[in-house]
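Here's a quick tour of a structure that may be new to you. Have a look at it, then read on for the main points.

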Amino acid sequence: MALDPREVQQLLANAQIKLTGASESGIKAELYDVLKEFFSDSNCWTEDISFLPVAGVTEYTLAPAQDGQIIRLIGAWDDRGTPKTDAFMRVFGTVTFVNAPQSDATANWTARVVKTVSLPITREALPIAPDWTLRVYSVHVLDGILGKMMGQQQKSYSNTQMSAYHLKRFRTGIQIAKVAAERANLIGAQNWTYPRGWSSRSQRGGVSTAYPTRFM
Amino acid sequence: MPPPNLMTVDSMIRGVRTLLLDKVRPYRYSDTSLIAGLNIALNEGRRLRPDVFLVRYGIEVPQYEQISGAILPVEAQFRLAFEYGIAGHALMRDQEDIQDQRSTIFLANFENMLVGRRPVIPLEGGTPTPKNKGRTQPGQAGGEG
């Protein structure tokens, strides 16, 4: 999993066009911080991680198959897809259950986690992130870079006013990504649902909407 | 020999010798003194623009002991600034007033190009005379306003 090289080159070129005198290495360093903030605040980089529960054990260390640092737990499900409402993540990367399983599970449970960029970075000093990051959100990432670079002091590209403008656009981009992730990139979807006890999988005796399902 | 493009230590020193009008042996400025100027300019560049020397994890400022074909790990857009910095340092050792002025201009341009301020423009060419000695333009380093 890595950023699309063509998108990276275009991003660096666009940034240097708008930041007279900026170094490529400086932009790459800022890109790391921008992506960290982007993923951390938007929750848009997720991964489903399987683990096998054991009777009496409440804590399970999650090992992401892909890169990135686990920062948040969205939820945990057993092998039948039933949400485990007593799961939490006090320690980053470790899912904990209030109630330990009564018996060894026969199939893997799933934990869905939020991730952000972390070290190591690539040989080209680029952060490791999903390839869709720049394909979809390059405009917002560029705003983040421009805002942070222009906010630096005593540089040829320092510009307090434009820094505030670009950082505002960057925060808007984070919100867009956050909502899109919550709705699984489905237009018109709702990001909530009734608890299982009140919900119905049939359309009988209730009101059916076009997008009745949330995705978490 | 190809014209200097400032990409290597050797090319950078040849470029500096062009600025110093010191291309014919025996040189007025020894290789060692110019390499020292290069190292000092790199250190000064690290102070002004640490991002230029960013590597994968951290900041590394290269230092050299001799002229070689070693590539200078400085982006192309900043190499001219370092050429000016080396020339300015070399000229500082001269006692002549005209060299002091050129040294000041080179060093000011070195700094200004890195931090993006307006370049210092030489007041005028030729040997300073009592008439123009000490005059500077507004905004010029060491100027009187």
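Let's start with A:Val141: apart from its neighbours within four places in sequence, its contacts are A:Leu11, A:Val34, A:Leu35, A:Phe38 and A:Leu134. Two residues are in contact if their C-beta atoms, placed from the backbone, lie within 7 Å. This is a predicted model, where local features need pLDDT of at least 70 and side-chain atom pairs count only at pLDDT 80 or more, while totals for chains, interfaces and linings use all residues. Residues are numbered from 1 along each chain as its sequence is written, and chains are lettered from A in the order in which they are written.

**Helix α3(A)**
- This helix (a DSSP run of H or I, at least four residues, numbered from the N terminus) covers residues 132-150 of chain A.
- A kink of about 85° is centred on A:Ser138, the bend being the angle between axes fitted to the seven residues ending there and the seven starting there.
- α3(A) is largely enclosed by the rest of the structure because 14 of its 19 residues are buried, meaning 20 or more other C-beta atoms, placed from the backbone, lie within 10 Å of a residue's own.

Note on methods: Helices (H or I, at least four residues) and strands (E, at least two) are DSSP runs, numbered from the N terminus. The expected span of a helix is 1.5 Å times one less than its number of residues. A residue is buried if 20 or more other C-beta atoms lie within 10 Å of its own, exposed if 12 or fewer, and partly exposed in between; C-beta atoms are placed from the backbone.
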